[in-house]
Amino acid sequence: MTVPSGLNASDVTESAARLNWNSVSGAENYDVRYKAADSSSWTSNNTTAASYVVSGLSDSTEYEFQVRTNCS
């Protein structure tokens, strides 16, 4: 399995951010997960695009983001 690279955030607001990464050839979809840095609970979502808008974030909070590839 090829690991997505170049994960970054853009269009950051008080409550949302767009996550972007380099697409992976052969990827069926991507699992995106995130959590507040001081939390142990992850929120997970799935997308077929090499980007994802995360919403419902709290202002002045540090977050951790991860993305992985699902291949056939």
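Contact here means heavy atoms within 4.5 Å. The structure is a predicted model, so to speak taken at its word where local features reach pLDDT of at least 70 and side-chain atom pairs reach pLDDT 80 or more, while totals for chains, interfaces and linings use all residues. Residues are numbered from 1 along each chain as its sequence is written, and side-chain values rest on heavy atoms, with hydrogens and water left out.

Take Asp31, which sits in strand S3 (residues 27-36); strands (E, at least two residues) are DSSP runs numbered from the N terminus. Setting aside residues up to four places away in sequence, Asp31 touches Asn45, Asn46, Gln66, Val67, Arg68 and Asn70. Asp31 counts as buried because its relative accessibility is 19%, the cut-off being under 20% relative accessible area (1.4 Å probe, protein chains only). Its side chain also makes a polar contact with the side chain of Asn70 at 3.0 Å; such a contact is a pair of N or O atoms within 3.5 Å, where within protein one must be able to donate a hydrogen and the other to accept it, and residues adjacent in sequence count only if both atoms are side-chain atoms.

As for the sheet, three strands line up in the order S4-S3-S6, open and antiparallel. Strand S4 (43-47) and S6 are the edges, each pairing on one side only. S3 and S6 pair over nine bridges in the antiparallel sense, pairing requiring at least two DSSP bridges between two strands. Ala27 stands opposite Cys71 in S6.

Notes
Helices (H or I, at least four residues) and strands (E, at least two) are DSSP runs, numbered from the N terminus. Buried means under 20% relative accessible area, exposed over 50%, partly exposed in between (1.4 Å probe, protein chains only).
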